[in-house]
Amino acid sequence: MATRRTPHGSPEPEDDNTAPLWRCLTDVENFKKIAPRSRQDKFRVQVPNGCTEACKRLAHTKITTSYHLCCSALIYGPWSLTRREKHPKVGNLHRRQTTVKGTASRNISWKKYITDKHADILETTTFVPPVHMNKELLTPVSIKGLKGTDAKVYKSEPPVHDQKQGDPQALQDSTVRDDQTHNRVLCSLRALADKLLLVMTVISQLKFEDYLSAPAHETAAAKLPRPKDLIQNKRRGDFDILVIHPQHGLLIVEIKSVGDRFASSMSEDKKDAAVLKKIQQAIDQLSKGQEVLRYLVSDKTDIPVKAVLAMPNVKKAQVERILRQNPDAKKALCQCLNIEESQDPVSLCLFEETTPASADSSGVTSAVMRELILWWKRAFASCEVSRVMTDDDYVDLVARFCGPATYAPSFKVVKPQRHKHPYIHTTGEAASEIGDRFSRRVLRQNQIEVLEEGKPLRHLSFSLFILPFFSFPPFPALEFNLKETEEMEPAVKTLLKAVDHEELFVICDEAFGGSEFGDFCTQLNNNCKKLHLWAACVYHGFRPACLEETKFSEPLRTPPLITKEVSMSEVITNEFVREYVVENQQHTGNLSDATAEGETCKESPPEVPQPCFGQRIIKINHSTGAGHSRRCPGECKQCGLELGPLLVKLCKGQGTSTPTGHTSLTFRDVLILTTYYDIVDEETDDDGYVEQRASSMVEGLREAGVRVRVVERGDSEALSEVVAMEGPDAVVAADADTIRGLERKLVVWVQADKGGNSSGEEGFGRLDAMSRTTAQLILVA
């Protein structure tokens with residue numbers, strides 16, 4: 001067999017001890033693809049103990065210093081890459097000896113930032129951000145007559161199918177599908193972490209160029225390896241999901257949404273070709289990602305880097321068939337996953353069998369969980385049992401990849417583009433962001449077209465009358481309680497007199513229907529020449545005969561995950577309230593509408609995606625043991641003691657700015673709602689004696705440090721302040737009927753009786769209380 005030669009003509013050493021170093025030293029071209037030439041003279045090799053002799057045996061190759069230093073960047077074994085200081089006095093010191101002291105303050109501040117956000121980071125799995133935000137494209141629009149905060153109106157733009165046409169910043173249809181697929185993979189990892197009690201950090205959609213790029217942290221970040229140090233084509237890219245595991249190291253997950261929209265008429269060959277193309281793209285991206293990631297952690301010692309391909313819409317058998325027919329693709333995938341060609345690369349990837357059909361935990365069946373556990377064991381079968389990093393190194397890596405010096409992806413697509421911001425970390429920060437996004441005033445394309453055509457111009461001088469049936473809104477409204485028969489006639493007379501029996505515009509909020517409301521509508525219709533009456537929340541079984549029904553198909557201001565929970569109410573499943581569909585996800589809802597003009601709304605899916613799927617619902621289990629009362633949760637002090645610290649944690653940093661620039665959660669953003677049970681506050685007489693004790697849950701909440709304001713039935717002054725977000729900064733506790741129609745970012749529903757009347761208390765509790773949240777739901781039952 002011919003002897004292999006070095007680039008300088010010397011024979012290649014055959015000693016096993018020198019082979020690993022030799023492979024690095026002879027692969028200069030690969031290094032040139034990673035590091036720019038201008039930085040090659042700043043690196044040297046730190047040779048570990050026991051390897052000195054191996055290096056001496058290579059001395060006869062006469063490798064130049066620059067060549068030696070270039071190749072050192074490829075050493076990912078016991079040899080480590082270090083950087084020399086420019087100052088001549090410390091030029092011979094290794095980076096590990098010179099930068100520890102210089103980065104001490106950075107390590108402390110960044111790691112403190114992480115531990116402040118995640119006190120339990122060493123005990124559980126941390127997802128950053130806590131919830132996946134879907135990308136959407138909104139453009140500010142100006143509406144004549146609106147001022148101040150009311151003027152913040154956005155126009156939603158639908159996704160486009162061809163990025164070559166129109167605005168290059170347009171929201172792509174592929175991006176919407178990628179968001180949906182990404183959410184399902186995160187759901188798999190979340191369920192797996194809960195099942196195996198894993199300790200790790202899962203970071204979503206980190207772009208190379210955003211890593212350690214915050215200008216405020218430039219001085220400290222400049223002392224660490226960054227993508228900007230690399231050649232141009234290595235600086236841009238992203239990690240769909242980056243997992244930092246203290247025992248197994250780093251894991252890159254590349255997600256492909258191919259297969260979700262294959263036409264039924266599409267041949268199997270064309271389907272296979274489309275999947276193969278995405279596999280080849282993923283191999284290139286994963287290979288590049290591993291190169292970059294190894295460089296980013298090159299100042300650490302022996303951090304394993306692994307890669308995984310995820311195709312949640314493709315079956316495992318299909319990929320196996322494709323790889324059998326394309327051996328070159330299989331070979332490339334094996335190399336990308338760092339395994340031998342004789343091993344099965346498909347078993348190390350995620351496919352339809354290991355991914356839930358929906359983005360919530362209900363889609364993780366026992367079969368899916370079984371496959372997930374097997375995948376996890378196979379993926380890390382070669383890893384040692386001992387930890388590959390200390391707790392300090394683990395927190396340090398988390399602080400680098402998602403701390404204050406690293407920017408988050410721009411999921412909030414608004415024209416013009418806003419400034420970048422750090423990652424959202426806590427559930428409270430996420431709830432604030434979700435609530436703000438769901439509460440925005442967004443006009444659909446068809447509404448914009450109406451405004452542009454000038455159709456409303458003929459109505460510029462009309463008077464609009466609003467009749468809230470329950471709560472009083474923070475804008476002018478007629479305060480008639482139409483549930484009371486004696487107030488029906490005065491309300492009708494007031495309205496007809498105001499327009500002299502001509503054209504009348506009326507909005508009835510939370511109308512529900514019934515005989516009283518039917519009489520009200522009939523009298524207005526019979527005595528007005530032209531009536532425009534819109535009634536919200538009318539049960540179709542109680543719809544007045546003079547009104548025609550219209551069913552909403554646009555999404556409500558509630559995350560789909562909450563909507564799905566609401567849909568489990570028996571008043572919906574028994575068709576007392578009609579179903580509605582959100583984003584083709586077969587979610588059901590609680591609102592039907594009626595109009596006197598007979599205009600219909602097309603029942604088509606919305607043109608833009610929801611801001612997010614929603615955060616996990618938090619549940620507090622009320623039981624008879626562990627200090628819990630045998631009575632209902634509202635009369636259980638222990639429930640209040642358990643709920644209180646949770647609310648304090650979610651509202652941590654009240655009134656301060658979140659990473660995205662929004663105001664963090666405050667106690668005012670929280671509603672505690674009951675159904676079929678009145679929650680009461682303490683009452684004293686003139687002498688200070690307690691005549692009525694507060695509900696036990698209220699006592700527990702206050703003992704836990706939560707300010708609570710109880711709004712009882714009939715207290716119109718307190719109700720008006722709550723609606724207007726005025727008064728003390730306190731959690732509002734009330735019966736759901738008292739503040740019907742009011743929305744808050746965080747809602748706590750307290751079930752009145754454990755296992756109570758499912759068609760009454762439980763059914764309407766889900767309908768009336770759960771649907772009031774725009775971000776986070778907590779169940780106490």
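Among contacts in the chain between residues at least 6 apart in sequence, what percentage join residues at least 24 apart? The share is 75%, where contact means heavy atoms within 4.5 Å.

The model is predicted, so local features need pLDDT of at least 70 and side-chain atom pairs count only at pLDDT 80 or more, while totals for chains, interfaces and linings use all residues. Residues are numbered from 1 along each chain as its sequence is written, and side-chain values use heavy atoms, with hydrogens and water left out.

**The chain as a whole**

The chain holds 24 helices and 24 strands. Helices (H or I, at least four residues) and strands (E, at least two) are DSSP runs, numbered from the N terminus. The chain has 781 residues, of which 51% count as buried. Buried means under 20% relative accessible area, exposed means over 50%, and partly exposed lies in between (1.4 Å probe, protein chains only).

**Helix packing**

Two packed helices are described by the angle between their axes and the distance between the axes. The axes are lines fitted to C-alpha atoms, for helices over the stretch in contact, and angles run from 0 to 180 degrees between N-to-C directions.

| Helix pair | Angle | Axis distance |
|---|---|---|
| Helix 17 and helix 18 | about 30° | 10 Å apart |
| Helix 10 and helix 12 | roughly 25° | within 10 Å |
| Helix 7 and helix 13 | roughly 80° | within 10 Å |

Angles under 35 degrees count as roughly parallel, over 145 as roughly antiparallel, 65 to 115 as roughly perpendicular and the rest as oblique. In the contact lists, Ala, Val, Leu, Ile, Met, Phe, Trp, Tyr, Cys and Pro count as nonpolar, Asp, Glu, Lys and Arg as charged, and the others, Gly among them, as polar. A crossing is left-handed if the near helix is turned anticlockwise from the far one by less than a right angle, and right-handed if clockwise.

Helix 10 (residues 268-296) and helix 12 (residues 327-336) cross at roughly 25°, which makes helix 10 roughly parallel to helix 12. Their crossing is left-handed. Helix 10 contributes Leu276, Ile283, Leu286, Ser287 and Gln290 to the contact, and helix 12 contributes Ala329, Ala332, Leu333 and Cys336. These residues divide into 7 nonpolar, 2 polar and no charged.

Helix 17 (residues 488-499) and helix 18 (residues 515-527) pack at about 30° and are therefore roughly parallel to each other. Here the crossing is right-handed. On the helix 17 side the contact involves Met488, Ala491, Val492, Leu495 and Leu496, which meet Glu516, Phe517, Phe520, Gln523, Leu524 and Asn527 of helix 18. The contact comprises 8 nonpolar, 2 polar and 1 charged residues.

Helix 7 and helix 13 cross at roughly 80° and are therefore roughly perpendicular to each other. From helix 7, Ser188, Leu189, Ala191, Leu192, Lys195 and Leu196 meet Met369, Leu372, Ile373, Trp375 and Trp376 in helix 13. This contact divides into 9 nonpolar, 1 polar and 1 charged residues.

Asparagine 183 lies in helix 7 (residues 173-196) and is buried, with a relative accessible area of 12%. Not counting residues up to four places away in sequence, asparagine 183 touches His132, Asn134, Ala359 and Phe613.

Serine 204 belongs to strand 6 and is buried at 6% relative accessible area. Its contacts beyond four places in sequence include Val128, Pro129, His182 and Tyr423. Serine 204 and histidine 132 are 72 residues apart in sequence, with 7.8 Å between their C-alpha atoms.

**Backbone exceptions**

Most residues other than glycine have a negative phi, and most peptide bonds are trans. The bond from valine 128 to proline 129 is cis, with omega near -5°. Proline 129 sits in the loop between strand 3 (126-128) and strand 4 (136-141).

Leucine 197 has a positive phi of about 55°. It is in the loop between helix 7 and strand 6 (201-207) and counts as exposed at 69% relative accessibility. Asparagine 338 has a phi near 60°. Asparagine 338 is in the loop between helix 12 and helix 13 (366-379) and is partly exposed, with a relative accessible area of 45%.
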